[in-house]
Amino acid sequence: MSESFQYKGQRRRLVEGLRIKGITDEAVLDAIGNVPRHRFLESSFSKFAYKDQAFPIGSGQTISQPFTVAYQSQLLKVQRHDKILEVGTGSGYQAAVLLELGAQVYTIERHKSLYNKVQQFLPELGYHPRFFFGDGYQGLPTYGPFDKIIVTAAAPHIPEKLKEQLKVGGLMVIPVGPYERQKMTVVKRISENRYDIKIHGDFVFVPMLKGTDI
Ligand code: SAH
C-alpha cells in the first residue's frame, strides 16, 4: 500500500471520529479530510498524525488537536471568500483548514523561528495565506476589518483591538481564560458599538503572549 493511500484511510477514520464527537459541518469535515496533517509534524510523530491529539512543533508550541481545529472552524461559520485573521500561525494547520474552506487567510505569529518555518513550508503544500510576524494582540489594523477572527492561543481577556477589527456582523472565536483552562468564546459584532458574547465548552491552549520573540 502506498504511504499516501495509507494516510488517506487514517484521515477518513479521523473524520468519522470527529463526526462522532459532534462536528456536524460537512464543509469543515471535508476540509480536515483534505489536509495532509502528517506533513505538519516532525517525522518521528507522523505515524500518530491522525490521532485526535495535539503534538509539539518546537519552540514550546503545539499543533492543535484536530477536534479543536474542527470545533473552532465550525463556530466560525466560514463562507467562501471570507477575509479571516488568524492569531497564532504555529504549524499552519488551522490556516490550511481555513484555506480549504475557501477563505482568504491573514495569519500572524509572534515566534520568529515558527514564522520563518511555516512561511517556507505551507506554500510547498499549495497553501497560500498571507503571513505576518508580529503580536496578535495588535491584530492587523492596516488590513482589517475582517469578516472573521480566530485566536488559537489562550487569551486572558478579549483583546480590544481585535474587537475593533471585526466587521459589523463579523464573528471572532477565541479561547478566553487563565492558563489552566479556557472557555471557547464567540464574539459577534452586532453594531458599531455592540457585541454579543456566547460561551461554549472548556479547552486548553498554549498562552497568548504579549510582544514578539526573536
Ligand atoms: N493555529 C496553530 C496553533 C498553534 S499554538 C496550528 O494550527 O498549529 C498557538 C500559537 O500562537 C503558537 O505558535 C504561539 O507562538 C502563537 N502565539 C501566542 N501568542 C501570540 C501572539 N500574541 N501573537 C501571535 N501569535 C501568538
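## Salt-bridge criterion and count

A salt bridge is counted here when a side-chain nitrogen of Lys or Arg lies within 4 Å of a carboxyl oxygen of Asp or Glu. The structure under discussion is a predicted model. By this rule, the count comes to twelve salt bridges.

E16 and R19 both belong to helix α1, which covers residues 3-20; being three residues apart, they are separated by about one helical turn.

Another salt bridge links R189 with E192, whose closest N and O atoms are 3.2 Å apart. What is the relative accessibility of R189, and does the residue count as buried or exposed? R189 has a relative accessibility of 7% and therefore counts as buried, the cut-off for burial being under 20%. E192, by contrast, is exposed, with a relative accessible area of 55%.

## Charge across the chain

The chain carries 28 positive and 21 negative side chains. The centres of these two sets lie 2 Å apart.

## Overall fold and dimensions

Six helices and nine strands make up the secondary-structure elements of the chain. The radius of gyration is 16 Å, close to the 17 Å that the globule rule gives for 214 residues, so the chain is as compact as a globular protein of that length. Along its principal axes, the C-alpha trace spans about 55 × 40 × 35 Å.

## Burial, contacts and surface

Of the 214 residues in the chain, 52% are buried. Among contacts with a separation of 6 or more, 53% are between residues 24 or more positions apart.

The accessible surface of the chain comes to about 10,400 Å². Carbon and sulfur atoms account for 51% of that surface.

Notes: Residues numbered from 1 in each chain as written. Predicted model: local features only at pLDDT ≥ 70, side-chain atom pairs only at ≥ 80, totals over all residues. Heavy atoms only, no water. Helix = DSSP H or I, 4+ residues; strand = E, 2+ residues; numbered from the N terminus. Rg over C-alpha atoms; globule rule 2.2 N^0.38 Å. Buried < 20%, exposed > 50% of the residue type's maximum accessible area, 1.4 Å probe, protein only. Contact = heavy atoms within 4.5 Å. Areas by Shrake-Rupley, 256 points an atom, 1.4 Å probe, with all protein chains shown as cover. Lys, Arg positive; Asp, Glu negative; His and termini not counted. Charge placed at Lys NZ, Arg CZ, Asp CG, Glu CD.
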